[in-house]
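Hi,

Here is the structure I promised to pass on.

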Amino acid sequence: MGLLDAHLVPAVDGVAYGLLLFVVASGLSLAFGTAGVLNLSHGMLYAVGAYTGAELSDGTWGGLLLGLAAGTTAACLVGAGLSAASFPLARRGHLAQALLTFGLALIGGDLLIQFFGADDLPVRVPAALDTSVSLLGHRYPAYRLCFIVMAVLLAAFGTWVLVRTRVGAAVRAAADDPQMLAATGYSPRTVHLGVLAAAGALAGAAGVLGAPIIGPGPGTAETVLMLSLVVVVLGGLRSLWATFFAAIGVGEVQTLGVSVAPGLAPYLLFAAMAAVLVLRSRFAEPATGHSTDGPVPDPLGRLVGRVGAGLRRVMRSARPKTRSASPPGRGRLPSGAAWRRAAPLLVLCVALVALPGLLDAYTISLAGSALALGLLAVSVTVLTGYAGLPTLGQTAPFAVGAYTTANLAAAGWTVGPVQILLSALAAAVFSAVTGPAVIRARGTTVLMITLAVGELTSAAVNQLKSVTGGADGLVGFPATQALWGGEDLFEESELYTYALVVAAVAVAATLLVLRSPAGKLLTGARGAEARMRASGHPVWRYLLVAYIGAGALAGVGGSVMVTVQQYLSPADVGFEIAAFALLAAVIGGTTSVVGALFGAGLIVATRDWVAGAWPGHGPLLLGVLFVAAVYLLPRGLAGLRGTSGEEETTTASPGPRDEPPVVSAPSPAPAPSPVGKAGP
Amino acid sequence: MLEVTGLTAGYHGGTVLHGLDLSVPAGTVHAVVGHNGAGKTTLVHSVAGLLRPGSGTVRLGGRDVTGLPAHRIARAGIGLVPQGRRVFAGLTVAEHLRLSHRPPPSGGASRPSVWTPARVLELLPRLGERRGHRGASLSGGEQQMLALARALLASPSVLLLDEPTEGLAPALVQQVYDLVTTLAGEGIAVLLVSPSPAQAIRCADRLTVLTSGRAVLRSDGDQARADPTALNAALELAPAKG
């Protein structure tokens with residue numbers, strides 16, 4: 001009884017917090033499940049409501065009601081605007097929309113700060129509620145109890161609309177099969193608009209009412225977005241009840257967890273999330289038969305063997321390619337096309353080698369960082385473009401690599417190749433551990449899971465102070481030597497050259513693997529997973545190997561970044577960097593390794609050069625860059641080259657169920673017996 | 001009355017249908033027969049607005065509906081029963097009925113027959129017994145009935161049936177064709193797509209054989225029933241036994 005007594009107040013707080021998250025997260029889940037928009041600006045909608053509510057709150061009921069009306073309306077309108085902005089991209093898939101909403105979130109966040117200032121706004125609740133009531137012998141704020149009631153009403157109303165009305169049925173039907181809903185006479189555009197406006201209104205209302213709980217400030221949008229994403233991932237998009245319990249659970253972890261075990265609270269969230277993801281991947285997937293296709297005595301050994309075999313094959317297939325000019329055969333390009341393909345790479349190489357002679361020291365060090373970010377972007381490209389796993393979480397292995405190198409250096413291991421290899425190894429091990437939760441998902445679910453992996457890694461980085469230095473980061477570790485017995489690297493141009501050599505080797509290795517049969521298997525798994533499975537390919541194993549390889553590559557990037565910067569802070573491995581890397585990959589065209597490098601360069605240039613000319617508006621500029629990239633470069637920089645349709649991804653085309661590949665179409669003249677119908 | 005003239009359509013730059021002409025008068029069944037890949041579903045999708053035709057026109061009772069979005073075409077009076085049924089997995093039968101019930105517009109062209117949920121359940125009593133079940137938990141035959149009910153509840157003047165008997169038991173197949181005949185009797189123009197001429201001729205008033213996106217044979221239903229040789233020859237099939 002004593003335990004309950006001591007923790008009653010935080011436990012009730014947790015319910016209030018959880019209900020708040022439920023209202024917000026259900027809007028996020030609705031927009032994602034129905035309109036297909038992974039709305040990374042959803043937190044901003046809450047912030048719009050919270051700021052409006054705080055601004056209009058004057059300690060009266062009228063102020064609260066006025067704030068509720070104004071905040072809900074404002075967020076509803078912003079939601080409608082989001083729909084207008086994202087609907088034209090619907091055919092381009094989830095990735096483009098996620099990037100667009102992230103850009104809009106950056107822009108919106110900047111505008112909110114312009115408008116309301118950079119400080120947290122105070123919120124005044126109505127005087128009648130600005131008191132405390134007795135709750136089992138404890139004093140408890142009356143407003144929070146009132147909030148619990150209002151949130152329950154709001155949630156119940158939303159659920160009723162979704163489950164009991166014709167509009168709700170249309171919304172759920174849109175989640176099932178939007179095309180058929182259109183063929184039933186419902187305009188997809190109206191459904192899209194309605195869903196995003198409703199999600200906005202829910203978030204706005206939650207923002208006004210919840211402002212005394214999660215108040216309006218510069219960090220509000222991100223906090224709310226992250227917690228809502230955690231709720232949605234935990235809840236699993238399937239049922240409202242699951243989302244509800246996930247929200248309450250997260251709320252309790254954030255309040256009761258902090259009060260019971262302050263040090264463990266961030267890990268509780270992590271542990272719950274990891275457990276749910278792993279359990280779901282283990283049990284909730286339809287049986288595929290892969291777990292039973294023969295004994296797997298030593299998975300790691302087989303993995304190593306497979307990678308080794310792949311590499312040997314790569315080496316074999318790579319060698320003749322360099323010697324013979326252009327044997328006409330499948331998979332080989334005529335030399336003219338080969339040159340045209342290689343041209344951007346050659347231009348890039350020449351430019352990169354020539355850079356130190358052309359630029360000042362500061363810019364050179366930026367170029368070094370751009371190379372590190374470029375490696376991260378290449379790793380994202382491998383996963384997004386080749387393995388079909390769009391990721392927002394590659395900063396996690398990137399961080400593992402970076403902190404490994406920093407700690408190695410601090411411990412006296414300062415030889416470059418050793419740092420690189422051990423960082424890559426650590427990142428690979430990390431990816432091998434997180435991989436199983438990622439590779440079984442597809443599409444936007446991967447974005448959400450990887451986002452969670454990245455965020456929770458950031459949380460761990462902030463907590464594990466002995467290893468990471470916490471929020472202060474790491475600084476003052478010894479410099480790296482390029483080789484055994486070499487000089488310490490201090491000069492910017494030396495550091496740049498080191499970064500360039502490492503990046504060149506890593507990118508070359510990546511290109512070799514991607515163009516080898518192993519890369520073709522990966523492409524096949526992305527394009528026609530079911531067919532690959534049916535042909536006996538263990539697709540999950542390929543994806544896991546790709547995920548581990550990409551993780552190692554990100555780890556190398558992290559190591560390079562630490563060496564070039566000579567310090568490391570949590571912001572270097574935060575969510576923003578993850579979004580940059582994804583944007584770089586998308587700017588590059590998602591299947592172009594070289595394009596990803598160009599994209600990373602463009603982003604670093606925007607962030608550090610252009611933003612320098614207009615201080616304080618870096619996020620706004622980046623947001624504009626995101627939005628512009630999504631609209632203006634539908635196929636990325638690679639698309640500008642006008643290459644063949646090879647890079648065409650699996651966009652949402654109306655399913656041509658009747659249309660098998662051209663080869664099997666019955667041709668009148670030479671095919672005497674079409675499939676199975678020929679008589680004796 | 002549905003009229004298709006010079007319809008060309010395809011995917012990702014590859015043309016599948018090459019200038020197809022077709023007409024389905026009210027109250028008749030027009031069967032389009034062809035092998036996989038001949039362009040049957042492409043035809044259905046182009047008419048229903050799920051695929052934008054490259055050229056040609058689709059007219060509904062004289063009104064040009066070519067290239068309109070799917071929901072406008074549906075409201076204009078073209079109902080789609082798609083291949084694979086595509087019922088909404090998470091919605092119950094009752095919710096399907098409520099969602100798709102759309103009384104015909106008062107000012108627009110008159111519809112041959114007006115359908116309410118009650119009337120549909122009279123025609124398809126099995127659905128009444130399954131009102132509370134979700135689409136995903138229905139059997140194949142029930143899903144087919146539900147897909148048909150969904151299309152009927154908008155009181156369409158044209159019904160597109162894309163392989164409505166695919167994967168159904170023989171007894172159900174007969175039931176579906178009886179229903180098609182009933183609906184045509186109500187004055188609905190039915191465009192039926194099927195890979196099997198033997199099934200299609202059961203209820204067809206007109207027949208078109210589609211090969212590689214072109215009409216290679218047009219025939220009268222009675223004529224084809226009397227002597228299917230030409231039909232089978234057009235499809236390069238051996239003569240049907242029995």
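At what angle do α4(A) and helix α23 (residues 575-588) of chain A pack, and how far apart are their axes? The angle is about 130°, and the axes are 11 Å apart. (Axes are lines fitted to C-alpha atoms, for helices over the stretch in contact, and angles run from 0 to 180 degrees between N-to-C directions.) That makes α4(A) oblique to α23(A); angles under 35 degrees count as roughly parallel, over 145 as roughly antiparallel, 65 to 115 as roughly perpendicular and the rest as oblique. Leu95(A), Leu99(A) and Phe102(A) of α4(A) meet Ala579(A), Leu582(A), Leu583(A) and Val586(A) of α23(A), where contact means C-beta atoms, placed from the backbone, within 7 Å. By type, the residues of this contact are 7 nonpolar, no polar and no charged. (Ala, Val, Leu, Ile, Met, Phe, Trp, Tyr, Cys and Pro count as nonpolar, Asp, Glu, Lys and Arg as charged, and the others, Gly among them, as polar.)

Before you go further: this is a predicted model, in which local features need pLDDT of at least 70 and side-chain atom pairs count only at pLDDT 80 or more, while totals for chains, interfaces and linings use all residues. Residues are numbered from 1 along each chain as its sequence is written, and chains are lettered from A and ligands numbered from 1 in the order in which they are written.

Helix α4 (residues 94-116) of chain A also packs with helix α3 (residues 61-86) of chain A: their axes come within 11 Å and cross at roughly 135°. Here Leu82(A), Ala85(A) and Ser86(A) of α3(A) meet Gln97(A), Leu100(A), Thr101(A) and Leu104(A) of α4(A). That contact divides into 4 nonpolar, 3 polar and no charged residues.

Chain A overall has 26 helices and 4 strands. (Helices, H or I of at least four residues, and strands, E of at least two, are DSSP runs numbered from the N terminus.)

Now chain B. It has an open, mixed sheet of 6 strands in the order β6-β7-β8-β3-β9-β10, where pairing takes at least two DSSP bridges. β6 (78-81) and β10 (214-220) of chain B stand at the edges with a single partner strand each, so one side of each has no neighbour in the sheet. The twist averages 20° from one strand to the next. Strands β3 (residues 29-34) and β9 (residues 206-211) of chain B run parallel, joined by 5 bridges, and His30(B) stands opposite Arg206(B).

Cheers

Technical notes. Two residues are in contact if their C-beta atoms, placed from the backbone, lie within 7 Å.
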